[in-house]
Amino acid sequence: MSDKIIDPHVHFFNLTEGQYTWLQGSNPPPWPNLDKIKRQITTSELKAACPFQLEALVHIEAGFDNQTPVNELNWLATHLNDIPYRAISYSAIDASSKHFEASLNELKHSSLVGIRDITEGDEAKRLLTPHCQDNLAMLAGENLHFEAQFEIENMQATEQLIKYCTALPSLRVVINHLGFISNEQRWLEAIIKLSRCDNIAIKFSGLEFTQIAVNKHLWLVNNLVKYFGEHRVMFASNFPVCQMNTSYTNCWQHYHSLCPQSSLWHKLSYKNAHEIYLLA
């Protein structure tokens, strides 16, 4: 099996220079091992913790400065100077088209490949607002993609995303963290529907957010590959948040154990991320 991997969902924090009000404000998330998660880490340390050869990564916006998100891109350019990477920044997907266009203009950066706007829980209603399709069309026109982070078992939001992707065939969407999963049957129903859109890919990540038993993880992988195909599924760590219940090393060793075929492992751990995130 190939030793090379690309990790397409990693966060780096700089709590001294960045804001991260969600993490170090008055109401931080009630996660276990929060001190580990908040610790600033270098790419050298991450490479050393990886049981495979970490060739490149994709940094997902982490709230460094949501008022001026380009500040995070500029900091990353100095912090991630010893590994190939691409970056996903932040912009509100339901903003007015004028505001959204202005935000994209402010985000011009060589590392930028897309934006993420977290629409979990009640925030999913923002995916239904009138400006979303125009803003997604703008992303597609700039050759940027949308990282969708919401509970796909919310069928109203899922069906709306499908409508956007059908209307905008040049748009590329990546579902974060398996689309979350609480009910296996409802999740599978949503997976089947989403998979019919060729412009949607999905990350096998965020296991720390689910109560699904470990012995069901292979079932998850098999269904993703069955419906999305081998080319639209990616293993990703969600480091450092994965440390809620596992180490970076164990995370990737576990993924490897779920993928006994060397050709499939290469696609899910390297090739797909390389192509989807335009890593040269």
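Predicted model: local features only at pLDDT ≥ 70, side-chain atom pairs only at ≥ 80, totals over all residues.
Helix α6 itself, residues 132–141, packs against helix α5, residues 97–106, at an angle of about 25° and with the two axes 9 Å apart. Because angles under 35 degrees count as roughly parallel, α5 is described as roughly parallel to α6. The crossing in which α5 passes α6 is right-handed. On the side of α5, the contact is made by Ser 97, Phe 100, Glu 101 and Leu 104, and on the side of α6 by Asp 134, Asn 135, Met 138 and Leu 139. The buried residues of α6 are Cys 132, Asn 135, Leu 136, Met 138, Leu 139 and Ala 140, and the elements against which these buried residues pack are α5, the strands β4 (112–118) and β5, and helix α7 (155–167).

The strands β4 and β5 belong to an open sheet of 8 strands, which is ordered β1-β2-β3-β4-β5-β6-β7-β8 and has parallel pairing. Its edge strands are β1 (4–10) and β8 (233–235), each of which pairs on one side only. On average, neighbouring strands of this sheet are turned by 25° against each other, with direction ignored. Within the sheet, strand β5, residues 145–149, pairs with strand β6, residues 173–175, in the parallel sense over 3 bridges, and Phe 146 stands opposite Val 173 of β6.

A further position considered here is Asn 238, which lies in the loop between β8 and α10 (248–257). With a relative accessible area of 1%, Asn 238 is buried, since the limit for that class is under 20%. When residues up to four places away in sequence are not counted, Asn 238 touches His 9, His 11, His 177, Gly 206, Glu 208 and Phe 209. With one of these residues, His 11, the side chain of Asn 238 forms a polar contact of 3.1 Å with the partner side chain. Asn 238 and Phe 204 are separated by 34 residues in sequence, and the C-alpha to C-alpha distance between Asn 238 and Phe 204 is 9.7 Å.

Methods: Residues numbered from 1 in each chain as written. Heavy atoms only, no water. Pairing = 2+ DSSP bridges. Helix = DSSP H or I, 4+ residues; strand = E, 2+ residues; numbered from the N terminus. Axes fitted to C-alpha atoms, helices over the stretch in contact; angles between N-to-C directions. Buried < 20%, exposed > 50% of the residue type's maximum accessible area, 1.4 Å probe, protein only. Contact = heavy atoms within 4.5 Å. Polar contact = N/O pair within 3.5 Å; in protein donor to acceptor, adjacent residues only side chain to side chain. Parallel < 35°, antiparallel > 145°, perpendicular 65-115°, else oblique. Left-handed = near helix turned anticlockwise from the far one by under 90°.
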